[in-house]
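Student: I am new to this structure and would like a guided tour. Please take me through it one question at a time.

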Amino acid sequence: MPLTAGGDVRVVVVGGGTAGWMTAAALVRLLPGHASVHLVESKTIGVVGVGEATLPHMRAFNERLGIDEADFMARTRATFKLGIEFRDWGRIGDSYIHPFGTFGRGTGTVDFHHYWTRLLREGKALPALDSLSYAGALARGGKFDHPATGGTLAGTYGYAYQFDALLFAPYLRQIAQESGARRTEGTVVSVDRDGESGDIKAIDLDSGERIEGDLFVDCSGFRSLLLGSALEEPFADWSHWLPTDRAVAMPCRTRTAVTPYTSAIAMPSGWRWRIPLQHRTGNGYVYASAFVSDDDARRALGTAVEGEALAAPRVLRFKAGRRRRSWVGNCVAIGLASGFLEPLESTSIYLVQQAITALIELFPERRISATDRDEFNRVIDLEYDRIRDFLILHYHATTRSDSPFWDYVRTMPIPDTLSEKLDLWRTRARIVKYREGVFLDPSWVAVYLGQGIVPEGWDPRVDTVATVALLDSVEALRAEIAGDVACRPDHRSFIERYCAMPQAA
Amino acid sequence: MRGERLERIVVAGGGITAWCAAAALKRHAPSLDVTILACTPSPDALADRIACTLPSLLGFQEDLGIGVADGIVRTGSGYRLGTLFVGWAAGLPDYVHAYGRYGTSFGPAAFYLHWVRSAQDGTAAPFDSHSPAAALARAGRFVPPTATSPFADYECGLTLDLPRHAAMLRAFALHVGIREIVGEIAGVTLDGDTAIAAIRLVDGSAQSADLFIDATGPEARLRGSIDAVRDDWSAWLPCDRVLLAEPDAEPAVLTTVTAHQAGWHWSSGGQAGFAYAANAISDSKAARVLRNASGATPGEPIRIRSGTRPQPWLGNCLAIGDAATQIEPLEWCNLHLALSAIDRLITMLPGRIATPVEVAEFNRQTRAEAERVRDFLAMHYRTAQRDNPLWRTLAATAPPASLAHTLVQFAERGRLPFHEEETFARDSWAAVLIGQGFLPRRVDPLVSTIPAASVRTAMARQTAAITAALPHVPTHAAYRAAQTRHLTR
């Protein structure tokens, strides 16, 4: 029996950004003998370079591709990321960390946040919640170390990277080309479709070259050249829930610490990111154009950044939502071509990675079966929908009323799926249980509590412990974490020892 | 209102399910006042009457603090490593569904996907020969999973001596502080449309509580007094009668389940049974079938109405076991579903008055779990290959949507989609599907990135390791005897 009917599936990837090269590298590395990959990229079209900050899942992707962490970090000028700091979200002046780890020890039959809720409701003076998460404490301390093994507190977290996305694509390109991916430079001028099936037969380039394929992967970014423009797959617009539609980005020199976390600072009409890399700090203001002009947004960002600007501010336009289906006919869209969710929780590269993983798990034959396609769409839709709810929560759970933007998001109707989650939390500190999906219990706890939603009830099993005993164990835990964290290396010096970028750079 | 604490729970029921619920609630939330109303057990409550259990019972007992000595050895339980299916797919050998891994994978694709390629090449040994637990079970041998040996990565269920087990659980429950009231239910006094004010007893007394747990079997004496809404599963699960018999035999480490034109019959040592469709065989003929198969005289037929309550929890009354879900005992899920509901209640304990969101979330999870168990059982019929009218009808019946999705994905390329609240592991699904000859059309590309020859060698090495280690493991009977000796010494 032949491996696949008729040999290799000819995969044509359109677009050479992060999504395009991640896809190409993964397919040639993981499906040798099944996929021949031909990537088309245009020099004249810029790269968005989305997602300088990532989620811990990226480590698994890199490992699968055999990427050496220190080498990858040095070449993309990467730093470590233990979580995201949210400033001014629930109220101006607030700051909390969404850590990539648990609160408390992560063991025990009743989750830590039930005890915490009870103490809050009893009006006890408590330390910052961050200090009871190992990852949170490590982040606040400006420290980094690889997680320990063996069930200790120092093993209750994961980590991700903050890196220069414009350097990541070339890094993957080298891997992909070494493993046999073909690359053609050119701009797509037309898409040739089968009159009957509507499938894409070939793309024509400005050079006159024609590239045929069995499967076309649209990594063309916001243009969505194949899925959006050629196949006209409708777009499900979520901007009534996520009204930000522009970002102005501007890197600057790093003046303060190279923090092992990304910051998301709420602004009058959106929020601002701060992503420290080895050589500079990325900044951007994500805003809703209905509430602030481009000029005012640019000015606001210019005032807020900490150091000298390293480039002129650049404005990006987008709309929250996704294509109704990501895979139609023989065309799969990956990355921005399939949809967009603002980078508040660093999910862009994660969504690319999940799409690639699903494509590999459901890799088709030359004749594509609806079974593979439908399953792919089911899996991807679920990812988008769950992230969407989590993002909306950040805007909804606020008491801010200092600008029309915050008035709108605070009072807007939210999806039923999110209302149910919130109700369950408010009632008895329960998190809607699911195992599949990116943000699990501690993430929801961090945002709920960080933005001031304290449940009215908690798990009754907590009531068997006396308040004094609870306070003692909270203090013991805080002290143990603080003591352990104090012995860990400073983030900057860890990087210098482990993965410093080349000096010439 | 939300601040008020849950204080008093009454559990109604006289079987294992009720004792498990009462003991677990008191053990995990000691401040609760838990009373059991121990009424006469319902003869039709399968969760209380089927001797074979899934591995979940062991974990449940362990969480309560009931260890091997009290929870297994002193109650005369046997270990179960799996089920042998005989006659489910004509022309194919019998197969074992064991509770553990089948093979060790090579690379990113699951082992069973590699096996599928070997099968297409015609070089595969039977799928269950790659399962250490299945090999032990077929040989009648037993050892608890041991990480450093080939006999690792599996779990075991039990074959219970039901009266002794119930007595043990009762003693344990009383020991941890359960109050026992012996009496019969005369009726239920409602408070509004969806709340129970009190249970009236035959002796004229009444029991009130914040929360009532209905473990009274299919009659659902409490929950049934509020409403009778249920989802019917009989289109996919044909058996509506079960006969039980008690042959005089030692518990078997491998339970044999044999397909019959009217259903299936089984033998687990001390308990034998026949699940059948009443429209395919008469009760008296069915009794003869079971007597011939087991050598023991069956009792009265138990009636099953396959289906579930979409809202096992309504108001202040929560149904568990057969009061919530009735399902034929194929794959031994009856007690398992009850234990799972008890665990879920404990992790979702409400205040004195449960809010609708809490109840809805409990019901959502419980229903999803029950429906997925239904799917697993329905899959046995849907993919069986037998040429009798009953079986042909079942094989032709459109499956529930969630099962259809799994079957379509598996048939195409061997994908087993993830489901929340899934009871059975992917290897369990694969063991039955492959055992019944339901094979994927395509070999997954991730499999063929590894050369077939090296996979063949590695697979052969794995089975050889199992075979070589097998003779050094004691027989199930010897293992049990040694455990008993150890205790009495």
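Helices, loops and a chain contact

Student: In which kind of crossing does α1(B) pass α7(B), left-handed or right-handed?
Tutor: This is a predicted model, in which local features need pLDDT of at least 70 and side-chain atom pairs count only at pLDDT 80 or more, while totals for chains, interfaces and linings use all residues. Residues are numbered from 1 along each chain as its sequence is written, and chains are lettered from A and ligands numbered from 1 in the order in which they are written. Helices (H or I, at least four residues) and strands (E, at least two) are DSSP runs numbered from the N terminus, and a crossing is left-handed if the near helix is turned anticlockwise from the far one by less than a right angle, right-handed if clockwise. For α1(B) passing α7(B), the crossing is left-handed.

Student: How many residues of the contact of α1(B) with α7(B) are nonpolar?
Tutor: Two residues are in contact if their C-beta atoms, placed from the backbone, lie within 7 Å. Among those in this contact are Trp19(B) of α1(B) and Phe172(B) of α7(B). Ala, Val, Leu, Ile, Met, Phe, Trp, Tyr, Cys and Pro count as nonpolar, Asp, Glu, Lys and Arg as charged, and the others, Gly among them, as polar. One residue is polar, one is charged, and the number that are nonpolar is nine.

Student: Which elements of chain B do the buried residues of α7(B) pack against?
Tutor: A residue is buried if 20 or more other C-beta atoms lie within 10 Å of its own, exposed if 12 or fewer, and partly exposed in between. The buried residues of α7(B) include Met168(B) and Leu169(B). In chain B, the buried residues of α7(B) pack against α1, β2 and α4.

Student: Is Leu54(B) buried or exposed?
Tutor: Leu54(B) sits in the loop between α2 and α3 of chain B and touches residues including Gly157(B) and Cys333(B). Because Leu54(B) has 24 C-beta neighbours inside 10 Å, it counts as buried.

Student: Where is Ala220(B), and is this residue buried or exposed?
Tutor: Ala220(B) has a positive phi near 45°, in a residue other than glycine. Its place is the loop between β11 and β12 of chain B. With 26 other C-beta atoms within 10 Å, Ala220(B) is buried.

Student: Which residues of α9(A) make the contact with α2(A)?
Tutor: α2(A) and α9(A) pack at about 45°, with axes 10 Å apart, which makes the two oblique. From α2(A) come His57(A), Met58(A) and Phe61(A). The residues from α9(A) are Ile349(A), Tyr350(A) and Gln353(A).

Student: Which helix gives the largest share of the side of chain B that touches chain A?
Tutor: The contact takes 29 residues from chain B and 31 residues from chain A. On the chain B side, α10, α12 and α14 each supply at least two residues. The largest share, four residues, comes from α10(B).

Methods
Axes are lines fitted to C-alpha atoms, for helices over the stretch in contact, and angles run from 0 to 180 degrees between N-to-C directions. Angles under 35 degrees count as roughly parallel, over 145 as roughly antiparallel, 65 to 115 as roughly perpendicular and the rest as oblique. Lists of a residue's contacts leave out its neighbours within four places in sequence.
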